[in-house]
Structures are given as C-alpha cells and as structure tokens.
Amino acid sequence: MTEKEKYRAMFCDPNWDYETLQAADEVISRIGQEYLKLKTYPNQIEVVTSEQMLDAYALTGLPTSYPHWKFGKDFVLNQNNYTKGRMGLSYELVINSNPCISYNMENNSTCMMLLVIAHACQGHNAFFANNYMFLDWTSADSIVDYMAFAREYILKCEEEYGEEEVERVLDAAHALMNYGVDKYKKPSKLSALEENERLKKLTAIRHENYNELWRTLPQGTDEPELLTSDEGRFPKEPEENILYFIEKYAPAMPPWKREIVRIVRKVSQYFYPQGATKVMNEGFATFVHYHIINKMFEEGYLNDGFMLEFIKSHSSVLFQPEYNSKFYSGLNPYTLGFNIFMDIKRICQEPTEEDKAWFPDLIGKDWLDQVLYVMENFRDDSFILQYLSPKVIRDMKLFTIIDNEGETEFQIGAIHNERGYRRVREQLASQYDRSSYIPNIQVTRVDRHQTSKLYLTHYMQKDRKLETKSARQTMAHLRYLWGFPVELHSKNKLGINESSFEVK
Amino acid sequence: MSHIIDRRKNDKGKSTGNRQKFLKRVENQIKKAIPDIISQESIKDSSTGGSVKVPVRGLEEPTFHHDPKTGKKQTVRPGNDKYSEGDRVPKPKGGGAGSGSGRGKGSNSPEVTEDEFTVVLSREEFLKYFFDDLALPNMVKKLMDSTENFEMRRAGYTRDSVPSRLNIKSSYQQSLGRRLALKGVLDKKLALLEEQLSLATDPAEKAALAEEVEKVRRQANTLPFFEDIDLRYNNFERVPIPVTSAVMFCIMDVSASMGQHEKDIAKRFFTLLYIFLTRQYKNVDLVFIRHHTEAKEVSEDEFFNSRESGGTVVAPSLKLMEQIMRSRYDDSWNVYCCQASDGDVWSKQDATECKQLLLENILPVIQYMAYIEISNNPRESDLWQAYSRISDDDSFSIRQVYEPFEIWPVFQGLFRKRSAV
C-alpha cells in the first residue's frame, strides 16, 4: 500500500486518531506551502473538549489572562446558551501567536478536522503571519508571555491592594477599552521579560530620586515638564488613545493603577487588528480551506463521500440569509470575504469587459500573487473599497437602506445596478470603518491651572448621538480613573455642542 | 513542524476563578431570589443535589456607543428581491428595526443577546448563599470543642520530606523520565560526533573528536539512577474531624385539623432545618415523631405522607422525644427540636403539661427548639399561649406561618446571626 493509499484510508474514515491528525497536518501544510505559497507560523494544534472550548471562549482564545468577573460572566452566558442548545460551539478557535495555537473540538469528524486544520492552521495562521495590521500592531511572539505577566501582576495587585480596588480599576479601564489603540502610530513590541525589566527600572529611578523633603508636598502631576511648558493648551493635539492619556497624565494615580491601565490598553491593542480584518481574515481562511481540500481531492487523498460532507459544511459556513429572512443577522463575513477573494481569482483568470474597466490592474496577473498581495496589504474597509466587484454585488444582490432620524419611511439608497455599484461599495466600506461603529471621542483639553478637569470631544458623524445611559456610566468610570472632574461634549460638524456629559 | 496536543485530559476548570468573581458580583441578586426559590418547588428534593437557577439582570458593561435611534444611517443588506433606487418603505412601528449596526454574525459567532440570563448554581454554592447570614443559635459548647481534633490524611506527593516517607514508584517514574530525556540528548550528540569523526581527515582533529566521543559516551552510560530532583515523598495533611453530631427531632401534629397545605408547609420548614444542620454538622440524625392522640416514631416517608385523623394531644410526643433522647443520644450530641402544629389542642390541661415538660426536662438539655404554628387564625391558640410564656428566642423560639412565601423570613428570623454572640 502506498503512503497515499494509507492516508486516503485514514482521511475517509469518519473516526480520527492522533495519526490521522498528524497525517492531515503534514499533507495540508505541504499543499499550503507548495500550492498556495503560504508562509505561516509553526502550528500548535490542540484537541479540546466542549468545556475547554467554553473556557477558551471566555478568554477570547488566549491560553491565560488576568482574573476578572467579565470573563466569568461570558463563561456563564456561553455555558447557559450551549447547554440549552441555543448556541453551537465553533469547530475551532485560533489565536494570533507564534507558534499559532488552535483549539479543535474533539467531536469533529475527520472531515471537519481536515477542514479546520486547513482553515485555521493554514488560512488564519498565514493571515496572522503576513497581514500588515497584525505585523504592525501585535507581537505574536510574545502575547502568551505578556498575558502571563499581566495575570501575575494583577494577582499581585489584588494581594496588595485588595480585590475590590483592582476590580474597580479594571472595570473602568474596560469601559474605555475601545479607546486604547494608536491607530496611526505603530506601537512597540512587548515581552514579559522586557516588561518586568521596565518595571524594575521604573522603581529604581523612583528610589534614586526619592527625597524625604518632597514627600510632604501635596502630590502634583507626575509629569513636571507639563507644568513648565508654555501657556498653550494641553494636550497640543487631540489624543485619540484615551487609556494612554490616562496612563501618562492622570494627575494623582498611583503607579500600580497606571500599570493596570497599560495592561488593558495592550490587550485592546492586541485585539484591534482582529476587529478591523474580520471579513478578510475569515474570507481568506475560507478561500484557503476550499482550495486545499479541493487540491487534496484532485491528488487522490479523498473520496467522494468525504467531499460531500465537506461541501455541506463549507456551504453552511457560507450561508447568507437574505435581508427579509428571520435568520438574517447582518452580512456573513465568511461569505462576503470568500466571494471577494474568489472574484479576484476569477478576474485574473477570465476577465469580462466590465472587469477590464473596473480592475485594469488585475487583468492578466497571476491570481495567487494578487490574492496574497491583497491578503497582506489591506484591512476590511480598504479591501472592500478596492475589490468589491460589480459581479459580487450582483450575486449577493446588495442594496442600501437609508434610515434618517425623524422620518417615517426608509429609503432605498442604491441597488445592484450600474448607478448603484460604486455607492454600495463605498457605503459597505464605510460600514466596516471603525469610526462607524465606535464613536470618535478624543481628549481635547486639560485644565491644568485650577481644576485638573479633563475635557473630551465627541466628533459626531452623520448626526449620530451617544447613547445616554451608558455614556453616563462610562463617564463615571473615566472620572474614577482620572481622579478629577471630566466633561464630554458632542460636537456636530459645524462645531456646535449638541449634548454634554459631565461628572464632577 | 506542527505540534499536536491532546488537551482533553487537562483540567477543565480554567474559568472557575472568574466564575466565582462573577457570582460575587451578583450576590445580592441571588440572595434576593432565595425566597422565591423556596416558595417554589425546587427546595423539596434538597438533599439529593442538583442545581438551582437564578435569573440575573443588569450586568451591562458600559462603553461609549451610538444611540441607534439617532442620526442619518445607511446600511447595506443582501438579497434585494424587489426594490429600486428611491423606493420608500414605511418604518415598522416601535422603531426596532433601525439598528443595522453592520456587525456581521458568522455562522459560528458566539455572540448572543444578554438582556437577562440565569445563573446555574450548584447545590453547594446555592446553600452557601442560602445560609450565608444565618447562624445556629446557642452553638456554644459542643460544636466549639468539636473542631479541635485532627487526623492525618494522604494528600498527594511532595518533594521534600523525611526518608521514611519516600514513595518509590513515583520517584522511579521521575528518574525514568529524566534519564530518558538526558540520554536522548546525549545520544543525539554522540551520533553527530561520530558522523563528524567518520568524515574528519585531519589526525589532530580526529583525535580530539575521538576523545570527545569517548567523553560523551561515558556521560551517557553513567547517568545517575536517582538524583535529588527525582525524589517524591508521600504527603500528609492535617484534616479536622468533627466529633460531634447532631440529632434533629421533628414533631408534627397529624390530627384531622392538619390538612395537606399545613403539612406541606411543615415539610418545607423541616427540610430547611435539615439542610441547615447538615451544613453545620457532618452527621445529622433525624427522628420523626408524629402525634394525634398518641405519639409514634415513624419513618420519613410515613411521617409526611400517611394520613391519620383524630383529636390532638401534644404532651405524649414530647414525652416520647425525651425518652428517645435519653436512651439513644448521649452528651456528645447536639439536640435540636422542631415542632409544627396548627395549635389545636384537646384541652388547656395538655398545653400546660407541654409547657411544664419543656421547661423542666427538655430545654435544659437541648441546643435549640423551634415551634411553628401553621395557622392564619388571629386568635392565639392554647398551645401558643402556653409556649409564648417560656419562649426566650435564645433557646426556644415560636413563630406563626401560613403561606409558603412566609417560610423563609420566619426561618431567617429564627436563625439570623445574633450580633451579641
């Protein structure tokens, strides 16, 4: 029996064992590398039970995290939904780390295992390892390390300052978690070792500069250069990273709280690319598993029965209910991403006249090169803006609905026709732009002379206001972190105040 | 090269700590729900375990987000079947559908709405909340003494102990693993060196390599059988052993005037008391005594289920209790007594006799006695009148109950923590 026949027998048996997985991984990695030219991190494939998957869900996939009730809540919530049958668990969960850790459910059939290994261990893994967002904003080498550091640090704080106080800081920082990312500056890389070194150095500096005389003075800001700087307003430029601003400039915050804020900020930054590349990431991984499994079939590793099961799973992943279906809950990122990637391939191979007008750059190019180029250099909004083709808009029958406050009717803005393509595309791209789902709020001023009051500005887009109740609660959290009064103004595009929130 | 790891044998309780933190956060809500749970059925089969569901609300984590009702919004949707540009569609009433947040939901998205959800508590956890603010009254002497005794029990292995506790098997396992690991490294090194040796041409280099090979071979053959790090010792821990046990006497009136409703209330009350005691004592004995005109010791099943009728005389049951107590339970037992009745007695004479019995023979030797009168009659019964004269709320309490929802407050009242103690 040749090796291929042996593998074929293994893959077509619905029951798998360790050797099946090993063989699957071997064949799939080879095809990924040779056929799709994927460059990946090494894989760490973990087989887990449903309970362990629930644990992994609660920590958003990270092998460890600092203790907080939020994770417990998510766990209880998921567990309830799962045990009541309201929710299924994913077949896999994969995290952006080096080695790339993926969790595979034990009750997957062999077919699902292969699909999942191709999807996660090749598709997502390659995406993590090559997309610019992940390369610039996260450090896959050290995240697991860093979370271990964070956990230890928080546990130490709990011991020293009490669980309640630590929880308070974490709650407040979590409320501002969406405002912990530098969208334009690339952050520095991290590791637990370096973090510990940094902390030690900080303490050493504090010890050296310790002076009994100063101890009796009322505590001022930690940043003396601020006080001596010129009369102008502070900060000079509005600051979008609110957590960073607090960590750096909160006037009376003890160092350990600053460190906790920093930890939350770093975690938020680690997850930032995931939110910004959901369509691309899932679309690309689906594209990869689709090609790898088909290639395996061509090469004779799989039989027809396997392929039927594969096609069923593949199409249920891509299921997109229509706008008027009771199952509709937004666009399925798998479907949208997969369709766009498949269409890029089609345009490269068999362009129509329309494609030549829309995508002159793709015509006659190697499809794989183009797909890999796109995978590396875009994020959801730019990806859609650049590559959503009229054909995909037609196939998915996309259209836009305008919903204006105060009007009693919806209006159809654009549909899948010549007049509408561009508008549908622009609209969809802006929908995946972060500012359309996270209000644009920045630190604009600190009153350093009298009250130490922190002023924030919400730059309104499309007249969208803040939801009052949760904005108030968030402001209370901000007040706690800042330690002095805080005030937020929502300004419309003319710069006029529409609403204000203040916590004294 | 990929690593494939089977994690299924690993611990699964990774979220336990976070779950505890979460429960602490909703503690007040859980406690508030307890009276509801008791007035429902769920407490009945209490001793067998199982879980309890508590609905929890208001755990949103606030962030800044857009108010879905405001602004000019445009969203993209799939599957257009009939619309053209510029068409107008009336908004549904209530304005619910306007929230096209554009957040896609994949086929395996874990997001689920969380307006309200239930926390499932294990029996243990539930009881913890249940009895959190309660304490056994008058648990002075016996219970206090009881925790002083300890026993040594096996508790895994330790790396550091006295030689007599050496555990050979697990030490050998450690040694085997260490030797395999070291040998593997050295063998690999040896193979590499030998290959170099066979390729080497320069005699000086050859000699050096040969010497190296010899050295590594010696190392590989002389791995120590046991190192300090291999050694494992049996570990022992001191475990407190409760020496005292408690006995609970349940006395119920089963005369004709006690209907199903009254018995049901009594049963719930007894059950509560039983669970409460099992949390305090390792061993709790139950003695069931029922009475109409005469008293009889019966099984639990018979106690609650069989019907009898007739008039009511209470005193014989107390006498029987005293008799059982003296014959079966010596001084090391904590004795509790709980009596349920509708308060009807045959004659004033009987009530007085009961009072006398309690005062002289029973109360001095037992820990605590609770009497509940299941009645909604505002007029005080004879038994109540008699008992109220000797009740001091310290070792003897009396309460009146009629509806199931009243049970918990009454129970709480009987066993609330007394600040003075």
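How far apart do the C-alpha centres of domain 1 of chain B and domain 2 of chain B lie? They lie 76 Å apart.

This is a predicted model, where local features need pLDDT of at least 70, side-chain atom pairs count only at pLDDT 80 or more, and totals for chains, interfaces and linings use all residues. Residues are numbered from 1 along each chain as its sequence is written, while chains are lettered from A and ligands numbered from 1 in the order in which they are written.

**View 1. The two domains of chain B.** Here domain 1 covers 163–235 and domain 2 covers 245–415 of chain B. Bounds like these come from an automatic or database domain assignment.

**View 2. The two domains of chain A.** Domain 1 of chain A comes in two stretches, 3–131 and 277–311, and domain 2 runs over 318–436. Their C-alpha centres are 27 Å apart. Where they touch, domain 1 of chain A puts in 14 residues and domain 2 of chain A 17 (contact: C-beta atoms, placed from the backbone, within 7 Å).

**View 3. Domain 1's side of that contact in chain A.** Helix 5 (110–130) and helix 14 (278–298) each give two or more residues to this side. Helix 14 of chain A gives the most, with eight residues. Helices (H or I, at least four residues) and strands (E, at least two) are DSSP runs, numbered from the N terminus. By type, the residues on this side of domain 1 of chain A split into six nonpolar (Ala, Val, Leu, Ile, Met, Phe, Trp, Tyr, Cys and Pro), three charged (Asp, Glu, Lys and Arg) and five polar (the others, Gly among them).

**View 4. Residues 439–492 of chain A.** This stretch is 28% helix and 33% strand, with its end C-alpha atoms 12 Å apart.

Note on methods:
Contact = placed C-beta atoms within 7 Å.
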